[in-house]
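Dear colleague,

Please find below the structure that I am handing over to you, together with its sequence. My notes on it follow directly after.

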Amino acid sequence: MKILKPIGAFLIAFVFFIAATILGSLVTSVLGDINVFVRFTLGMLVQIIICAYGIFLAGKVERLSLQDYGIKWQKNDLPKLLLGLVIGIAAFLIVCAPLYLTGAYSLASGSYAIEDIALDFILFVAVGFTEEFLCRGFLLHRFLRFGPFKALALSAAIFSLLHLANPGVTVLSLVNIFLAGIFIGSTMFATNSIYTAVGVHITWNWVQGAIMGIPVSGSTGDGYFVTNIVSNNTVVTGGAFGAEGSIACTILLTIFSVLLLAYAKKNNKLQYFQPAI
């Protein structure tokens with residue numbers, strides 16, 4: 001039956017994605033006698049490689065390659081990755097700026113040293129690559145048979161559902177994670193590179209957690225700064241989920257996405273996203 005192949009491919013990709021996350025963390029934790037930067041880097045590489053291998057195997061089921069899922073490296077992808085890193089920083093700072101300017105958030109000194117910030121960056125590199133390979137790589141390209149905009153929406157919806165069990169999750173935060181998926185995917189459409197999306201994902205999380213001390217999709221931790229919630233209005237602040245659960249995030253991610261998609265359409269960037277199946 002034709003339906004068995006796509007189901008099998010989906011199962012393989014998701015099982016390897018989960019295994020990659022678990023084994024990456026395991027490698028980081030069990031190699032306690034090795035330099036901490038080496039441990040974190042090894043864990044990152046294990047996580048990325050296992051996830052990519054799972055997508056490779058999923059492609060074998062349907063006779064597709066990693067390239068068919070947009071996972072390829074070209075000579076101009078490095079500047080696009082760097083561009084994504086810059087966009088991620090700028091976008092998140094713009095999103096949370098209204099929260100500080102209106103007094104909903106206040107900023108104080110945190111406990112993170114430079115080493116902690118660097119280690120968190122390595123962790124978010126692993127998250128950025130694996131989640132983008134799965135969502136904007138495997139899933140979005142798999143859905144291109146429905147057209148690029150529907151593929152973007154479907155992959156963003158699954159991306160949002162992956163955060164369903166996160167601490168402090170609300171309906172608004174899930175909507176915003178969906179919009180974050182649209183925004184990140186739009187950067188890929190605008191540049192024709194999944195690595196722009198990877199870069200955005202990395203620094204969006206990194207600035208949020210390691211620098212500003214805001215919960216990353218509900219996951220709390222220390223940062224170079226500590227952001228305190230002043231307002232009791234959770235629609236404004238995002239509550240325990242963090243700035244990603246705020247109405248400011250809803251508005252600004254929508255604006256960012258519309259601008260990027262308009263740019264991609266005007267400049268015929270969507271021609272690069274054709275169904276492989």
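**Helix contact and pockets**

In this predicted model, helix 4 contributes Glu131, Cys135, Arg136, Leu139 and Leu140 to a contact with helix 5, where the partners are Ala151, Leu152, Ser155, Ala156, Ile158 and Phe159. By class, the residues of this contact comprise 8 nonpolar, 1 polar and 2 charged. The two helices span residues 114-142 (helix 4) and 148-161 (helix 5), and their axes come within 9 Å, crossing at roughly 140°. The crossing of helix 4 with helix 5 is right-handed.

Two or more lining residues come from each of helix 1 (4-30), helix 2 (36-61), helix 4, helix 6 (171-191) and helix 7 (194-211). Helix 4 supplies the largest share, with 8 residues. The lining of the largest pocket divides into 20 nonpolar, 17 polar and 4 charged residues.

The second largest pocket has a volume of about 240 Å³. It is lined by 17 residues, and Gln67, Gly70, Lys72, His141 and Tyr272 lie nearest its centre. The lining of this second pocket holds 7 nonpolar, 7 polar and 3 charged residues.

With kind regards

Key:
Residues numbered from 1 in each chain as written. Predicted model: local features only at pLDDT ≥ 70, side-chain atom pairs only at ≥ 80, totals over all residues. Heavy atoms only, no water. Axes fitted to C-alpha atoms, helices over the stretch in contact; angles between N-to-C directions. Helix = DSSP H or I, 4+ residues; strand = E, 2+ residues; numbered from the N terminus. Left-handed = near helix turned anticlockwise from the far one by under 90°. Contact = heavy atoms within 4.5 Å. Nonpolar A, V, L, I, M, F, W, Y, C, P; charged D, E, K, R; others polar. 1 Å grid on protein atoms, 1.4 Å probe; cavity = no way out; pocket = protein on both sides within 12 Å on 5 of 7 lines; lining within 4 Å. Points joined across faces, edges and corners; volume = space filled by probe spheres on them.
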